[in-house]
Amino acid sequence: MEVLNPRFTGLTNFHVMEWLRSINHTKKKCGLRNLATITNETQQFLEESPCKYQSRESIRGFLNDMEPYTLSMKELFKMINDPPSSALHIQLLFKESEERLSEDQVNEIIRISKRHFPGPPPESN
């Protein structure tokens with residue numbers, strides 16, 4: 001993975017999962033069993049999280065739609081890794097959200113989150 005901007009080096013859970021998938025074959029060739037165990041367990045954990053249903057495009061779209069809000073990249077990454085589904089969820093993700101965001105803004109952030117990160121497709125019977 002290449003760092004394009006050295007001042008910005010954060011990774012979302014989606015990017016970590018994508019990277020782990022890409023090194024899956026390499027670690028087996030090198031015979032690193034401890035590395036294989038750690039990466040397999042991490043990948044399993046991530047495959048059961050919201051990032052399983054994300055894509056580069058959905059993350060990019062989310063970040064573009066969130067530009068009008070005065071949130072740090074750390075706060076945005078928290079919302080990408082754990083997409084908010086309620087006002088309480090947003091309050092738990094970052095400090096002083098009640099003072100920084102109006103009720104309308106919170107509701108719009110939830111709509112943006114649901115639009116870009118809808119989660120698993122509905123099961124058909």
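User: Phenylalanine 62 and phenylalanine 117: buried or exposed?

Analyst: This is a predicted model, in which local features need pLDDT of at least 70 and side-chain atom pairs count only at pLDDT 80 or more, while totals for chains, interfaces and linings use all residues. Residues are numbered from 1 along each chain as its sequence is written, and side-chain values use heavy atoms, with hydrogens and water left out. A residue is buried under 20% relative accessible area, exposed over 50% and partly exposed in between, using a 1.4 Å probe and protein chains only. By these limits, phenylalanine 62 and phenylalanine 117 are both buried.

User: What kind of pair do the rings of phenylalanine 62 and phenylalanine 117 form?

Analyst: Rings of Phe, Tyr and Trp (its six-membered ring) pair if their centres lie within 6.5 Å, and planes under 30 degrees apart count as stacked, over 60 as edge-to-face and the rest as tilted. The count under this rule is one aromatic pair. The ring centres of phenylalanine 62 and phenylalanine 117 are 5.0 Å apart and their planes stand at 45°, so the pair is tilted.

User: How many residues apart in sequence are the parts that this pair ties together?

Analyst: Helices (H or I, at least four residues) and strands (E, at least two) are DSSP runs, numbered from the N terminus. Since phenylalanine 62 lies in helix α3 and phenylalanine 117 in the segment after α7, the pair ties together parts whose separation in sequence is 55 residues.

User: Which residues have the most contacts inside the largest nonpolar core?

Analyst: A nonpolar core is a set of buried Ala, Val, Leu, Ile, Met, Phe, Trp, Tyr and Cys residues joined through side-chain atoms within 4.5 Å. The largest one here has 24 residues, and the elements giving two or more residues to this core are α1 (13-30), α3 (56-65), α4 (73-81), α5 (87-93) and α7 (103-116). The residues with the most contacts inside this core are Phe62, Met66, Leu71, Met79 and Ile109.

User: Which residues does leucine 71 touch, not counting residues up to four places away in sequence?

Analyst: Contact means heavy atoms within 4.5 Å. With residues up to four places away in sequence not counted, leucine 71 touches Met66, Leu76, Met79, Phe94, Arg100 and Ile109.

User: At roughly what angle do the axes of α3 and α4 cross?

Analyst: Where these two helices meet, Ile59, Phe62 and Leu63 in α3 are in contact with Met73, Leu76, Met79 and Ile80 in α4. Axes are lines fitted to C-alpha atoms, for helices over the stretch in contact, and angles run from 0 to 180 degrees between N-to-C directions. The axes of α3 and α4 come within 11 Å and cross at roughly 135°.

User: Which residues does threonine 12 contact beyond its neighbours within four places in sequence?

Analyst: Threonine 12 sits in the segment before α1, and its relative accessibility of 1% makes it buried. Leaving aside neighbours within four places in sequence, threonine 12 is in contact with Ile59, Phe77, Ile80 and Asn81.

User: What is the phi of glutamate 96, about?

Analyst: Glutamate 96 lies in the loop between α5 and α6 (97-100), and with 53% relative accessibility it counts as exposed. Although glutamate 96 is not a glycine, its phi is positive, at about 55°.

User: What percentage of the 125 residues in the chain is buried?

Analyst: The chain has seven helices and zero strands, and its pattern along the sequence reads α-α-α-α-α-α-α. Among the 125 residues in the chain, the buried part makes up 34%.
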